[in-house]
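Me: I've got a structure open and a few quick questions. Can you walk me through some parts of it?
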Amino acid sequence: MPTTPESYPGLPLGDQEQQRLAKLDQLRAAGLDPYPPRYSRTHTPAAALTAFAAWETAHPPAADGTRATDPLRVRTAGRVMGRRIMGKASFAHIQSAEARLQLFFRADDLVTPPYDYESFKKLVDLGDHLGVEGFLFRTKTGEPSLHVERFQLLSKSLTPLPEKWHGLQDQELRYRQRYLDLIANPEVRRVFQGRSAVVTAMRRYLDSHGFLEVETPVLQPLYGGATARPFVTHHNTLDQDLYLRIADELYLKRLIVGGFEKVYEIGHDFRNEGIDARHNPEFTMMECYEAYGDYNSMMALVEGLVVYIAQDVLGTLQIHHRGHAIDLTPPWRRVTMRDALREASGLDFADYYDDQTGFYERVRALHVEVNPTMTWPQILDAAVGTLVEPTLIQPTFLTDYPAAISPLAKRSLTDPHLVERFEPFCSGFELGNAFSELNDPLDQYRRFAESAANRRAGDEEAHQMDLDFVNALLVGMPPTGGLGLGVDRLAMVLFDQPSIRDVILFPHMRSR
């Protein structure tokens, strides 16, 4: 019985798909399985090309161009990405994750039915997966190719591959159907291969510096470690609301209290906030904590880590992002938040510690988008984000933040209004966040209480009281440096990608 679109309501089976469905029926009518369970390869296409280059070196040609040896035979597979049908002979290309290999078919040389030359011409489409077997040679143009003696269809593609990849509509399709993007765009695959290499290099660096990789809860009874709105879920057995973590910080610092001196975690955090070029509700962070360190040792760690990753993955410290030439060579510039804001606008936030109304009016006069319902920390954040951050193109540590916006950092010894905190910036946006960690349990309690008051005043992202964490600090935590580094944002800078969606395989999109 023919396969018809009516049998599969909801699937996008148009005219081209119906033509391929007819080929699917022909294959099955001939007793052929268009989706066999396995196929054994001797080489990937990339390995086949590498092996052929080595074989050619080991078997140089004679004066007449011939080689006194049997050809190199391989059995490989990949997705059909091109075909040129030319009567009794044809060319095609198959693609794997790492390479593309040209295939040569000749009618008289396909030795094993039922997959003969006619079935290749009539039943194989672009997008199909083929298993092929034969010997390697060079064409007259010098391209390494596989002279196919046997082939087998491994997976019939029922949806034609896209032909063009440009324009806003296609950009959205790339994000929604990343599998098509990866098939059609080798550069996209290279970005994600590079991102994976970044994480590998990050682990290698931290492991080599004595850090222990750990895992902490994703589902938490009380969220914390950052200022953000959480995602809420419910555990039926416990009859208890739980939160997807917004940060790993408070659990990792509990481990410092417990006696581990260097810990890190690379994992997903979740924040119920806006989506734009730098924000995705689900993102990857590396957080690490070092006993007896501080924010100065964390600055050195950031420089060393980023330099190591760039050299390992890219082989250079000279990169480009958004049209900017960026030099990652340390030492990076260090500037206090207060000085940076004064340089950019003439505004000194220290003049307004006790004058929220005046601060609001002054910031609004600088054409920063603020409103009267915002708290003092929110006003400052808006001012810095508008006036300072876009100017921080070269790698920069913005340091010494007000305590009012840093409830988990240790106070400065020179100014009790400030804390020992920094954020690394590059190409005009933040890459991470770091502190000399607050380890005074009573000060921590007071600051949690102040932040909780801001929540009651309307700041939904302000930190809540976490008595269990304060109890951990009552046991005693040594002086500690802590760092959170955004893996996605670092990948954006290293691979010159304009949006966080370009470095997350499956970014969140609004439902159609």
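Me: Which residues of strand β12 are on the covered face, and which on the uncovered one?
Reply: This is a predicted model, so keep that in mind. Strand β12 spans residues 318-321. Ile319 and His321 make up its covered face. Gln318 and His320 are on the uncovered face.

Me: Which strand does β12 pair with over four bridges?
Reply: That is β13, residues 324-327. The two pair in the antiparallel sense. Gln318, for example, stands opposite Asp327 in β13.

Me: How many residues sit between β12 and β13 in the hairpin?
Reply: Two residues sit between them. Arg322 is in that turn, and it has a positive phi of about 55°.

Me: New topic: β19. Is it mostly covered or uncovered?
Reply: Mostly covered. Strand β19 runs over residues 480-486, and seven of its seven residues are buried.

Me: Which residues point which way from β19?
Reply: Thr480, Gly482, Gly484 and Gly486 point one way. Gly481, Leu483 and Leu485 point the other way. All of them are buried.

Me: Which strands pair with β19?
Reply: β11 is one of them. It covers residues 282-291 and pairs with β19 over seven bridges, in the antiparallel sense. β18, residues 432-436, also pairs with β19 in the antiparallel sense, over five bridges.

Me: What is the bridge partner of Glu287 in β19?
Reply: Gly484. Asn433 also stands opposite Gly484.

Me: What about the three-strand open sheet? What is its order?
Reply: The order is β7-β9-β8, and the pairing is antiparallel. β7 (219-220) and β8 (232-235) stand at the edges. Each has a single partner strand, so one side of each is left without a neighbour in the sheet.

Me: How many bridges join β7 to β9?
Reply: Two, with β7 and β9 running antiparallel. β9 covers residues 240-244. Leu219 has Leu244 as its bridge partner in β9.

Me: Now Leu212. Where does it lie?
Reply: In strand β6, residues 212-213. Leu212 is partly exposed, with a relative accessible area of 37%.

Me: Why does 37% count as partly exposed?
Reply: Because buried means under 20% and exposed means over 50%, and partly exposed is in between. The 37% of Leu212 falls in that middle class.

Me: What does Leu212 touch, leaving out residues up to four places away in sequence?
Reply: Phe260, Lys262, Val263 and Tyr264. As for Met86, 126 residues apart from Leu212 along the chain, the two C-alpha atoms are separated by 60 Å.

Me: Let's zoom out. How many helices and strands are in the protein chain?
Reply: There are 14 helices and 19 strands. The radius of gyration is 29 Å, well over the 24 Å that the globule rule gives for 512 residues, so the chain is more spread out than a compact globule.

Me: What box do the C-alpha atoms fill?
Reply: Roughly 90 × 60 × 45 Å, taken along the principal axes.

Me: What share of the residues count as buried?
Reply: 50% of the 512 residues. The accessible surface of the chain is about 24,800 Å², and 52% of that belongs to carbon and sulfur atoms.

Me: Last one: how many positive and negative side chains are there?
Reply: 54 positive and 69 negative. The centres of the two sets lie 8 Å apart.

How values were computed:
Residues numbered from 1 in each chain as written. Predicted model: local features only at pLDDT ≥ 70, side-chain atom pairs only at ≥ 80, totals over all residues. Heavy atoms only, no water. Pairing = 2+ DSSP bridges. Rg over C-alpha atoms; globule rule 2.2 N^0.38 Å. Buried < 20%, exposed > 50% of the residue type's maximum accessible area, 1.4 Å probe, protein only. Areas by Shrake-Rupley, 256 points an atom, 1.4 Å probe, with all protein chains shown as cover. Lys, Arg positive; Asp, Glu negative; His and termini not counted. Charge placed at Lys NZ, Arg CZ, Asp CG, Glu CD. Contact = heavy atoms within 4.5 Å.
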